[in-house]
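Reader: I'd like to learn how to read charge features in a model like this one. Could you walk me through it?

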Amino acid sequence: MEIINFDSVDSTNKYIKENHDSLEDLTFVNALFQSNGKGREDRVWNSDKNLNLLFSFLIKDKNIIKKYKSLSIGTATLIARFLEIKGIKNVMVKWPNDVYVNNKKICGILLEGEMPKYLVVGVGLNVNQTEFKGDFRVPPTSMKNELKNDFDLNKLKDELFSFLTKHIKQINFEGKTLRFYSKHDYLLGKNVEINKVKGFVKGITKDFEIIVGNNKFSSGEITIL
Ligand code: BTN
């Protein structure tokens, strides 16, 4: 595992996309601040300086790229497992790429890349920030808000990068990760709309496709009705 650290960069996802040729598989790029952090659906990802984990990692391994459909949700589930290990209660995974705690968003994931060449998994995890200004579709929270203590960002970063590397190398999204997801499924039983289809969420398949009514989806923007 290679780690590149920035005090400030426009976007760690963008950095990897621009340099993917010269970077090796499983390079992690971390920043204490992003001047142009990107969220899903062309939204921005704002984060106060020095308070949160803002990182991306590069996937070049063809075996993992083949599993791109489960990479986002697999990573979200691994982060949820990690947060539970850290003592956070009521951690839920919201398909396909968010981690919630008590109905608030603690982590978002943005998957980009060029198939089948490479993928970039970008992660914004709220750690020590306690106040969030702006308009949010879902209210944010952080590890500090939930546990009432500060975290050493460097130590947490090392632990999380090792945890992710270990599980992603094993492509361990099935088995334990899938079982964890099923027990922490934020959308289960909810009435949703996805890709113009409405229905109740019945769970996910072993390939991490969401089951809505009698339909299965491997991607899409989901709205709770
Ligand atoms: C979302 O909209 O929920 C996804 C947010 C992803 C934010 C992270 S922060 C690190 C990486 N670099 C970016 O510009 N975005 C991702």
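**Charge on and under the surface**

Author: Helix H6 (residues 176-183) supplies the largest share of the positive patch, 3 residues. This is a predicted model, where local features need pLDDT of at least 70, side-chain atom pairs count only at pLDDT 80 or more, and totals for chains, interfaces and linings use all residues. Residues are numbered from 1 along each chain as its sequence is written, and side-chain values use heavy atoms, leaving out hydrogens and water.

Reader: Which residues gather in the patch of positive charge?

Author: A patch joins like charges within 9 Å, using residues with over 30% relative accessible area and no salt bridge. Here Lys-166, Lys-176, Arg-179 and Lys-183 gather on the surface, and Lys-176 lies in helix H6. Helices are DSSP runs (H or I, at least four residues), and strands are E runs of at least two.

Reader: How many salt bridges does a search of the whole structure find?

Author: A salt bridge puts a side-chain nitrogen of Lys or Arg within 4 Å of a carboxyl oxygen of Asp or Glu. The search finds 10. Lys-17 pairs with Glu-112, with the closest N and O atoms 3.1 Å apart. Lys-17 lies in helix H1 (residues 12-19) and Glu-112 in strand E6 (residues 104-114), so the pair ties together parts 95 residues apart in sequence.

Reader: Is Glu-112 buried or exposed?

Author: Buried means under 20% relative accessible area, exposed over 50%, and partly exposed in between (1.4 Å probe, protein chains only). Glu-112 is buried, at 15%, whereas Lys-17 is partly exposed, at 26%. Glu-112 also meets Lys-38 in a salt bridge (2.9 Å, N to O).

Technical notes: Patch = residues over 30% accessible without salt bridge, like charges linked within 9 Å, V, L, I, M, F, W, Y side chains within 5 Å. Areas by Shrake-Rupley, 256 points an atom, 1.4 Å probe, with all protein chains shown as cover. Lys, Arg positive; Asp, Glu negative; His and termini not counted. Charge placed at Lys NZ, Arg CZ, Asp CG, Glu CD.
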